[in-house]
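Reader: I want a close look at one part of this model. Start there, then show me what surrounds it.

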Amino acid sequence: LLQDGRNSSVLNNHVLGAFLQHGRVAGLSRPVEIQFGHNTTLDASNIVCVFWQPGASAGSTGSWSHEGCETMHREGTVICHCNHLTYFAVLLLPAGGLSTAQLVSLTHLTTIGCSLSTAATLGTLLLCCFSSGHLTAPRPPHSCRQQPRDNRTRIHMHLLAALLLLNCSFLLSTLLAAGTKELCQVTAALLHAGLLCTLAWMAAEAFHLLLLLVKVYNIYIQHYVLKLGLFAWGLPTLAVVAVLVFKRDTYGYHTISNSEGYRNMTMCWLTNRPAHYATLGYTGLILLFNTLVLGRVVMVLRRMRRQKGQAKKDCVTVLGLTCLLGTTWGLAFFNFGIFLIPQLYLFTILNSLQG
């Protein structure tokens, strides 16, 4: 009785029903106060006052809702202020879970950040395309000093294109989650491909930077950018196509639940845990390589620092490379315990604005 589909935990299994004999009581200007005593240690952020909302259809049991109720907590007592009468209880939330307000704010931050990144990457790509005529002009074979600069620009453009794909598919993934299953699967595959390709091009940036640091001169490699493209575009695309062909159900509707169980968000993404862990492993390997390269850059900069005020320039360089190499994506591995909420906000702000 009064058990919802999520098997939500109720404090002490106590449910209080309050009614008047005649008529329904709702929209009270002065809320009713209900107190629930307990002898357990509770975190005020992990409890919420709720009321029972019967199912709209005959086959639906109903669910707990917190609309119209406010929660207060003092030692040994949870106090609920509600503007109506019905069945009341105190719901225990999973520790470290996101509240509805936090999920909504993170959604807004992500949408704004990805939209700005999409506009910036598109504008920069167009600017590069219109001003890159000199890149296609033939260079003499001995022009070793110009070739790295051309390659660097091309690698930047490929990274921008991958970020554009990632941001556009992410913005579409929530909107298209309300569409057909097949459309959602294609969107999820594009989002996955965008993520894998973006990470791969950040690794290509790190590799190119490492070549500049180690060899400095004479780093000309025949079909260099083409080989990087086969790695950064080809391998991720091949993996995603293989999943679509042999295990299409890996992509589909993914629900992001908050701690209260209300207003969950659905997007098109991975639905398979092994695929999720494989993506995390792939991300971890690339970020480890990029972090090691960044550490090498810092060591070289420290050896090269001679002039007064050089330290400030070095800091700006390191910050720029941190963004370019995507080391901020490493925050994804700190989503536990007390780090969860700060990590989510930092991860969302920094990485949605990467473009």
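Author: Start with residues 190-213. Over this span the chain is 100% helix and 0% strand, and the end C-alpha atoms are 34 Å apart. Helices (H or I, at least four residues) and strands (E, at least two) are DSSP runs, numbered from the N terminus. A word on the basis: this is a predicted model, where local features need pLDDT of at least 70, side-chain atom pairs count only at pLDDT 80 or more, and totals for chains, interfaces and linings use all residues. Residues are numbered from 1 along each chain as its sequence is written, and side-chain values use heavy atoms, with hydrogens and water left out.

The span carries a label. An unreviewed UniProt entry annotates residues 190-213 as "transmembrane region", along with 85-104, 116-137, 158-178, 225-246, 275-295 and 316-341. Those positions follow the numbering used here, feature names are shortened, and annotations may be inferred rather than shown by experiment. Compare another annotated span, residues 158-178. It is 86% helix and 0% strand, and its end C-alpha atoms lie 31 Å apart.

Now the helix itself. H4 covers residues 181-214, which makes 34 residues. The expected span of a helix is 1.5 Å times one less than its number of residues. H4 is mostly covered, with 24 of its 34 residues buried. Buried means under 20% relative accessible area, exposed over 50%, partly exposed in between (1.4 Å probe, protein chains only).

Next, the loops on either side of H4. Thr180 sits in the loop between helix H3 (146-175) and H4. Thr180 counts as partly exposed because its relative accessible area is 47%. Its C-alpha atom is 10.0 Å from that of Tyr253, which is 73 residues away along the chain. His223 has a positive phi of about 55°, although it is not a glycine.

H5 does bend. A kink of about 30° lies at Gly234, shortly before the proline Pro236. The bend at a residue is the angle between axes fitted to the seven residues ending there and the seven starting there. Pro236 is buried in H5, as are Tyr224, Val225, Leu228, Gly229, Ala232 and Val240.

Now the aromatic pairs. Rings of Phe, Tyr and Trp (its six-membered ring) pair if their centres lie within 6.5 Å; planes under 30 degrees apart count as stacked, over 60 as edge-to-face and the rest as tilted. By this rule there are four aromatic pairs. In one of them, the ring centres of Trp52 and Trp64 are 5.1 Å apart and the planes meet at 75°, so the pair is edge-to-face. This pair links distant parts of the chain: Trp52 is in strand S4 (residues 47-54) and Trp64 in strand S5 (residues 62-65), 12 residues apart. Both Trp52 and Trp64 are buried.

Another pair joins Trp329 and Phe347. It is edge-to-face too, 5.6 Å centre to centre with 85° between the planes. Trp329 lies in the loop between helix H7 (310-324) and helix H8 (340-352), Phe347 lies in H8, and 18 residues separate them. Trp329 is buried at 12% relative accessibility. Phe347 is partly exposed at 21%.

Leaving aside neighbours within four places in sequence, Asn351 is in contact (heavy atoms within 4.5 Å) with Thr328, Trp329 and Leu346.

Two loop residues deserve a glance. Glu75 lies between strand S6 (69-74) and strand S7 (77-82). It is exposed, at 82% relative accessibility. Glu75 is 37 residues from His38 in sequence, yet 8.7 Å away C-alpha to C-alpha. Asn13 lies between strand S1 (9-10) and strand S2 (16-17). It is exposed at 68%, with a positive phi of about 60° although it is not a glycine.

Last, the whole chain. It has eight helices and 10 strands. Of its 355 residues, 39% are buried. Among contacts between residues at least 6 apart in sequence, 73% join residues at least 24 apart. The accessible surface comes to about 20500 Å², of which 64% belongs to carbon and sulfur atoms. Areas come from the Shrake-Rupley method with a 1.4 Å probe; for residues, only the protein chains shown count as cover.
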